[in-house]
Each structure stands twice: as structure tokens, then as C-alpha cells.
Amino acid sequence: MSADQDLTPATEREFGALLQMYQVAGALDAIAPSASLLSKNLKFYTEFAFYLGEKAGYRVAIEFCDLLVKKLSDADRKRNIGVLLIVEAQFFDELGIGMSRDLFALEAAEAFVRSGQYRAAQTALKLVAA
Amino acid sequence: MGKAPNLTDLLEPAAEIFDPNERAGIRRQIASAKVKIYRKIKYAIINAIPHEFASTMAVFGAAEVMPHPRDSSVRIEYLTLEDRLGERFYVAVAGTTGQGIAQAAAATALIKSRCEFVRKVILIGIAAGQENLRDMEKDVRLGDVVIGNKLIQYDHVKRTNGEIELRGDDLPPGDKQLLNAVDRLLSLQERKGAPAQPKPWDDYISRGGEAIRSANRPNVSNDPNSSLRKYEKGLMYERTFDKPHIHVGTIGSASTLLKDSSYRNDLARKHGTIAYEMEGAGVAIAASMTGLGYLNVRGICDYGDNRKSDDWQTYASVCAAAVARAILEEIHSI
């Protein structure tokens with residue numbers, strides 16, 4: 001995933017500012033005030049999650065993804081929640097917690113199937129190592 | 001882990017799969033993976049109240065959250081333990097249920113619905129102990145641990161013209177395999193010089209004591225029975241007085257906070273109860289209905305009478321959690 005891609009200076013600045021806002025506010029609403037904004041810019045927020053993982057640690061990034069999932073679920077915008085679950089699975093893998101990686105990758109696959117995204121579900125299944 | 005997927009591929013896949021057979025195949029793969037993963041979680045633990053949960057987490061170690069349905073506010077976590085042979089195994093944790101039989105039943109059913117391959121559940125908490133000031137072997141003291149091989153629900157009664165008949169004495173008993181593991185641990189108490197010998201739960205009690213506020217063993221002067229004991233029986237019985245001693249017997253369960261020594265003694269005379277708590281019957285009933293084996297493990301924190309205080313609660317929670325952990329590690333080693 002985009003963890004391997006170098007950030008452009010503009011993106012680095014943007015993410016840096018977001019990180020500061022998120023850490024100061026301690027709440028997702030400070031940087032993602034609405035579910036619709038989040039839903040439309042999911043790729044951006046997912047890439048920010050990777051940035052957060054590198055700068056603040058994978059546990060913080062996992063919590064961030066969990067908040068994103070909750071926000072989308074509460075607003076009944078469940079399409080693409082699987083992407084966030086896969087990202088969480090990847091973070092758990094980085095932390096060496098294989099059981100959580102498998103649980104979240106499996107949950108991602110199920111979420112994709114529920115929203116009819118079978119190609120993505122197939123991709124999620126490949127992450128399960130159990 | 002396999003190669004990390006491309007974010008764009010996931011959000012904007014080149015070609016969706018529409019073939020019904022291929023879709024069915026993916027669903028089968030998911031079902032198969034689900035069985036493989038969730039089959040690793042064979043045990044669960046439940047606590048009723050926050051300090052029991054805190055003690056359990058301190059003794060068992062850090063738990064990881066499991067992904068959960070977003071329409072549920074209850075999060076299930078899991079713990080990773082190792083048995084005596086060094087093999088890793090997983091335990092689901094339901095968190096706190098709240099006091100009461102119905103709440104405990106609901107939590108047990110929830111665990112089973114979310115972790116369908118869980119086979120055994122252990123309820124870890126505190127309880128009032130049945131004192132026996134004349135018999136050293138039978139005296140359940142503060143800081144001891146009681147494990148229920150039998151359970152009665154003493155508030156499930158029939159009252160007819162002043163007569164009270166117990167109806168709640170047909171609850172399923174504790175799980176045989178778990179009790180078997182308890183027996184093996186109990187054998188450590190039966191050896192000569194046992195009180196001085198280290199037990200598998202000792203280190204866990206120390207761990208809990210270091211991590212939780214007010215979790216160290218209170219002074220014996222905080223035991224209201226300390227000056228009242230006049231042992232006449234069981235004098236040859238070897239037991240420890242400064243660490244938990246494990247008792248196995250009938251536990252009385254009811255949605256009742258017990259502070260009545262006469263009532264308590266009456267229950268003991270009629271039903272042989274050695275401890276009293278508020279959730280066990282719920283777990284027993286729900287476990288029986290969902291195909292689970294259960295065990296009730298309780299640290300003794302008071303005597304269920306008007307001398308009841310909170311002084312021993314945290315230490316008792318830690319002791320119960322420590323013994324429960326030893327039981328799980330023992331049963332998984334078989």
C-alpha cells in the first residue's frame with residue numbers, strides 16, 4: 001500500500017498540519033468533520049493513516065482507522081470500510097500480532113462481500129496467513 | 001502476510017467479479033478462513049465489575065481488540081497465553097457484565113455468538129465466604145479462592161404459606177474437564193509441606209499486586225474473624241494462612257447483595273454452600289443453553305454479613321484471576 005511511496009512536499013506539509021490538529025484536538029471531528037467528507041476522500045484519509053503510523057506509531061494509527069470505521073458505520077456509509085480494516089490488518093502485521101492481522105483481514109473480506117465488492121474481498125483474503 | 005494491496009486497486013478495482021460461481025467461491029473461502037481463525041479461540045473469561053476486570057487484565061496481560069459488528073456497542077477482546085508446554089492459545093474477554101444473574105447470562109450468550117468455537121467460559125470475580133470458626137479445613141477465609149463444582153440459585157424459590165422451597169438447585173455443574181484441571185492444581189496443596197511450596201498462581205498474584213492499586217494482601221488484622229477462630233477440627237490439615245487456599249464446593253448465586261449471617265448459615269446448613277455471589281447462575285444457565293462448559297472462580301473478600309467491607313476486594317479479585325489463569329494454562333497443557 002502507499003506506505004512505500006514518498007510523499008510530495010505539499011502532501012508532507014498537509015499531513016503534518018493534520019497530525020498536529022488531530023493530536024491537539026484528540027478527536028476525529030477536528031480533521032474529518034463529516035462522514036460524507038470522509039467517504040469522498042477516503043484515499044486521502046487512508047494515506048494519512050499510514051503517515052500517522054510512521055510518525056505516531058501503529059497503535060495510534062489503528063485507533064484512528066477504528067474511529068474512521070465507526071464514523072462511516074454510524075452514517076451508514078459502509079462501502080469501503082473494508083479498506084480501513086485492511087489497513088488495520090497491515091498495521092497489526094507490522095506490530096507482529098498475527099492473530100489480529102488475520103481477524104481484521106477476514107473482517108475486511110466480509111465487509112467487502114456485504115457491499116458487493118468481491119474483487120476487493122479476494123484481495124483481503126490474500127492477507128490472511130492463518 | 002502476503003504482499004500489501006494497492007490502495008487504488010481496492011478503492012477503484014479494475015474489474016469487479018460478477019460470475020455467481022466465482023462469488024460463491026469467495027464466500028466459501030471466507031467461511032473456511034473464519035473457521036480456521038476463530039477455532040483458535042477456545043476459551044473465554046467474564047468479569048462482573050470493573051475492579052474484577054482490572055485485576056484480570058493485570059494478571060492475564062494486554063488484550064487485543066477484535067473487530068466487531070458496528071451495530072453492537074460491546075467490544076470483545078482476546079488474550080494470548082502460553083500453556084505449560086509453551087504452546088500459544090487464545091482467550092476471549094467479554095469485559096464487565098454488571099452485577100446480577102441476567103447480565104452475566106447475556107454476556108455469556110454474547111461471547112458464544114461472537115466467538116462460536118469457544119467451548120469453555122470461566123467467570124472470575126469475588127464472593128462472600130462461608131466461615132467455619134471450628135474447622136480449619138473447612139474454614140473459608142478472606143483471600144482464599146473458591147471454585148464452584150456445583151451451583152445453586154438461592155433466590156429461585158417457591159414460597160407457600162411461610163414455607164420456602166428452593167427451586168434453583170438443578171443448575172448444570174461446573175465443567176468436568178476444567179474441574180479435572182483444578183484437581184491437578186489442588187494436588188499441589190495436598191503435598192507435605194505444601195503451604196511453603198510455590199504454586200503456579202503465586203507469580204500472577206504478585207503481578208496483579210504490582211499493577212493494581214490496593215491489590216496487596218491486607219493485614220490479617222483486617223480479617224474480622226482473626227480473633228474469633230477456635231479450631232477444634234481439621235487441626236492436622238496443612239494449609240497456608242498468608243496466601244490463598246483453594247476450596248472446591250457449592251457456590252450460592254443470587255441477584256442479592258448478602259449481608260446476613262443467619263441467612264448465610266442457613267443456606268450452608270441446607271445446601272452445603274461455601275461461598276456466595278451474584279452472577280454464577282446466569283453463566284451456568286447461558287452456558288448450558290449454548291453448549292459451553294463453565295467454571296466459577298471466586299476470590300473471597302468478605303463473609304456476607306454486617307462486617308462486610310471493601311478492604312479485601314481487590315486482592316481477592318487478583319487471586320481469583322491468578323488461579324483462573326493457572327487453570328487455563330493447565331487445561332490447555334493436556
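Q: A charge sits over a ring if NZ of Lys or CZ of Arg is within 6 Å of the ring centre and within 35 degrees of the ring normal; at what distance from the ring centre of Tyr38(B) does Lys34(B) lie?

A: Lys34(B) lies over the face of Tyr38(B), with 6.0 Å to the ring centre. The model is predicted, so that local features need pLDDT of at least 70 and side-chain atom pairs count only at pLDDT 80 or more, while totals for chains, interfaces and linings use all residues. Residues are numbered from 1 along each chain as its sequence is written, chains are lettered from A and ligands numbered from 1 in the order in which they are written, and side-chain values use heavy atoms, without hydrogens and water.

Q: What makes Lys34(B) and Glu110(A) partners in a salt bridge?

A: Their side chains meet with 3.0 Å from N to O. A salt bridge requires a side-chain nitrogen of Lys or Arg within 4 Å of a carboxyl oxygen of Asp or Glu, and therefore the pair qualifies. Across the interface of chain B and chain A, the rule finds two salt bridges.

Q: Why are the rings of Phe48(A) and Tyr51(A) called a stacked pair?

A: Their centres are 6.2 Å apart and their planes stand at 25°. Rings of Phe, Tyr and Trp (its six-membered ring) pair if their centres lie within 6.5 Å; planes under 30 degrees apart count as stacked, over 60 as edge-to-face and the rest as tilted. The pair is therefore stacked. Both residues belong to helix α3 (residues 42-56) of chain A, where being three residues apart separates them by about one helical turn.

Q: How do you know whether Phe48(A) and Tyr51(A) are buried or exposed?

A: The relative accessible area is 0% for Phe48(A) and 8% for Tyr51(A). Buried means under 20%, exposed over 50%, partly exposed in between (1.4 Å probe, protein chains only). Phe48(A) is therefore buried, and so is Tyr51(A).

Q: How many residues of chain B are in contact with chain A?

A: In chain B, 35 residues are in contact (heavy atoms within 4.5 Å) with 43 residues of chain A.

Methods: Helix = DSSP H or I, 4+ residues; strand = E, 2+ residues; numbered from the N terminus.
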